[in-house]
Amino acid sequence: MTPSPLTPEPAGAAAGTVPEAATGIAEGPAFPQLSDFPDSLSPMLVKELRQGLKTWIFSGVFITLQIVLALSLLLAAAGGSAGSGKFMTQLSWIILVVALPLRAFGALSEEIRSRTLDALVLTKLSAFRISSGKWAALMAQSTLIALAILPYLIMRYFYGGVNVFAEIRMLLFMILAGGLHTAWLVCLSSQPGFILRVLLAAPGVILAWISIDGGSFLGLNISGSGSLDDGLSTSSLLYFAAASLLLTYLLLDIGATRIAPASANLATRKRLITLGALVILVVLEKSGVSGSGLKSFALALAFLAGADALTEAPATAPSTWVPFLRAGVPGRLAAWLFLPGWTTGLWFFLLAFSLAWFPQSHLHPFLFGAVVASTLLAPAALAHLLTREPARLFPYLLGTGALTVALGILIENVKSSAGSFMPAILSAFTPVSAAGCQESDLVVQVPAAILAGVWFLLLLILAFRASRATSAARREAQALVK
């Protein structure tokens, strides 16, 4: 019987389809939908990987690298193993440590400029997951490049008799150094001011570039023979891995702090980890582990965390106060160190710097400590005196601190070459110059330390003024706790 044109079709039937009974072909089971990445990965990581792997930069670098390495391997087979080995090492260093990390320069600034960051923050993605997802996507691409290099490094064993384990250590070192450089650029990408970000990124690029040919990177020698066997032992690689992972986390967290909402508390975890790392470094130094590298790293860690803490926005959201107020008296005491904001960051920096500094062996440790600490306190006091937007001060604080160090070193060199008296007030404005003189030269040290105290008192006054902006949030948090 021919169905009437007015008879409605069964639910779910598509227009123009042939019924299953008419074809005699039964519909098979539905196959699961294939996905290029598992759902367990971070959405930011998946998004950045999908975009990054399709770019012409990654594809061009990957294909060009394969061609160049294949030609280099043919050259090694023809008898030029030494020259080809050095070339392969330098090429790998340029790609993994210099070129690929440069893609992180606009990682977070592109999201801010395109106004897509607010939409990301409204999702379940935290600010740290956004910054770490950007970093992880770039490092995944670098790891793919490193895995493509690995077979050529191993095949050099059959042509040049190189140490395979040394080549693997070299490749791991390059991945760690590239990851640290990438984290530094991701951190800078959250800061305003393109020119200032370029100036702050330039030292890292220059350091990585000058380390290519027989130089050193962060104190680790890169042998000109094409491997790191002479300058990088397994223990040194482990130390560098621990230090680079810690600095990578801190840099990503600093970048996340600049894009996080006011209700997010990233400072407590960041400061606790920094203090814990400094305590471990002090214990290692007291236990007899080689001291010079540990001292320098501890001071660098304290100054990096201090620059971040002294440029955090005050805690104006009640949700950041509630956990401290609920803990009673211990929580209120802990808030002086771990509550977000530069007003508490001042006390945190003093504690962190004390842990990093006082294992130093000097004739006048308190005097020297005050002078060196003013390298960061002086620009921080001037910056907070001129503006009330502390979140924008992090690159300026790093830049002025670096200029102070450079000026102090320059003045100290001029002083030593000219042999003339250095005015005390000039050394007070350049604390590195004052700290670089002889330990018994109190004529320069005392005025510099006095001026360091003036900077600290100025910061205390400014912090008291800024803390009044958080009183309303504290009262509201106290009402919520009650």
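Biologist: How many salt bridges does the structure hold?
Modeller: This is a predicted model, and the structure holds eight salt bridges.

Biologist: Let's go to a particular one. What does Lys-47 form a salt bridge with?
Modeller: Lys-47 pairs with Glu-48, and their closest N and O atoms are 2.8 Å apart.

Biologist: Are those two buried or exposed? Take Lys-47 to begin with.
Modeller: Lys-47 counts as partly exposed because its relative accessibility is 30%.

Biologist: And why does Glu-48 count as buried?
Modeller: Because Glu-48 has a relative accessibility of 14%, and buried means under 20%.

Biologist: Next, Glu-312. Which side chain does Glu-312 meet in a salt bridge?
Modeller: Glu-312 meets the side chain of Lys-270, at 3.5 Å from N to O. The pair links distant parts of the chain, 42 residues apart. Glu-312 is in the loop between α12 (291-309) and α13 (318-326), while Lys-270 sits in helix α11 (residues 267-286).

Biologist: Is that pair buried or exposed?
Modeller: Glu-312 and Lys-270 are both buried.

Biologist: Which residues are linked with them in a network of salt bridges?
Modeller: The network links Arg-258, Lys-270, Arg-271, Asp-308 and Glu-312.

Biologist: Back to single pairs. What does Lys-295 form a salt bridge with?
Modeller: Lys-295 forms one with Glu-285, where the closest N and O atoms are 3.7 Å apart.

Biologist: Changing topic to the whole chain. How many helices and strands does the chain have?
Modeller: There are 21 helices and two strands.

Biologist: What share of the residues count as buried?
Modeller: The chain has 482 residues, and 46% of them count as buried.

Biologist: Last one, on contacts between residues at least 6 apart in sequence. What percentage join residues at least 24 apart?
Modeller: For those contacts in the chain, the figure is 74%.

Key. Residues are numbered from 1 along each chain as its sequence is written. This is a predicted model: local features need pLDDT of at least 70, side-chain atom pairs count only at pLDDT 80 or more; totals for chains, interfaces and linings use all residues. Side-chain values use heavy atoms; hydrogens and water are left out. A salt bridge is a side-chain nitrogen of Lys or Arg within 4 Å of a carboxyl oxygen of Asp or Glu. Buried means under 20% relative accessible area, exposed over 50%, partly exposed in between (1.4 Å probe, protein chains only). Helices (H or I, at least four residues) and strands (E, at least two) are DSSP runs, numbered from the N terminus. Contact means heavy atoms within 4.5 Å.
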